[in-house]
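Dear colleague,

I am passing on the structure below, and my notes on it follow directly after.

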Amino acid sequence: MSQTQPNIPAPQPDTSAPLTSLEDLVGFNDDLGLHLTEWSDGAAKMELDLVPRLLNRSGIVHGGLLMTILDATCGFTGVWRPEGEPKCRALSLSISTNFIGQTKAGRVTCLATRTGGGRRIFF
């Protein structure tokens, strides 16, 4: 006889709480060591110092890490608000890239500029 497990929904993050700071990275981005070093309306810069745990088995920076810093930096380009205005959040609808180089050490820097969009979607 098999027992049926109750369908218990996964806990959801509290999105009703106001953000105190977008500059203070949390979760996955913080675990990786990403740093938001510049941020203005339509532009962002993030940096990451490479450490051995961020490299793949070939000893080069992991492609997933590069996509993460790209995704995070691009997201910041659309959520900047002047001091005192409500904070804004973003999520990615689609992202793809082709890798043309590699690195093993040093600092990875990602510069992103919002180039267009509308009221709810930007790129």
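Strand 1 (35-40) is joined by 5 bridges to strand 2 (residues 43-49), and the two run antiparallel; strands here are DSSP runs of E with at least two residues, helices are runs of H or I with at least four, both numbered from the N terminus, and two strands pair if DSSP finds at least two bridges between them. The model is a predicted one, in which local features need pLDDT of at least 70 and side-chain atom pairs count only at pLDDT 80 or more, while totals for chains, interfaces and linings use all residues. Residues are numbered from 1 along each chain as its sequence is written, and side-chain values use heavy atoms, with hydrogens and water left out.

The open sheet has 3 strands in the order 1-2-3, with antiparallel pairing. Strand 1 and strand 3 (107-113) are at the edges with a single partner strand each, so one side of each has no neighbour in the sheet.

E38 stands opposite K45 in strand 2, and their side chains meet in a salt bridge at 3.5 Å, N to O (a side-chain nitrogen of Lys or Arg within 4 Å of a carboxyl oxygen of Asp or Glu). K45 is buried at 18% relative accessible area, whereas E38 is partly exposed at 45% (buried is under 20%, exposed over 50%, partly exposed in between, with a 1.4 Å probe and protein chains only).

A salt bridge of 2.7 Å, N to O, also joins D49 and R107; because D49 lies in strand 2 and R107 in strand 3, this pair ties together parts 58 residues apart in sequence. E38, K45, E47, D49 and R107 are linked in a network of salt bridges.

Best regards
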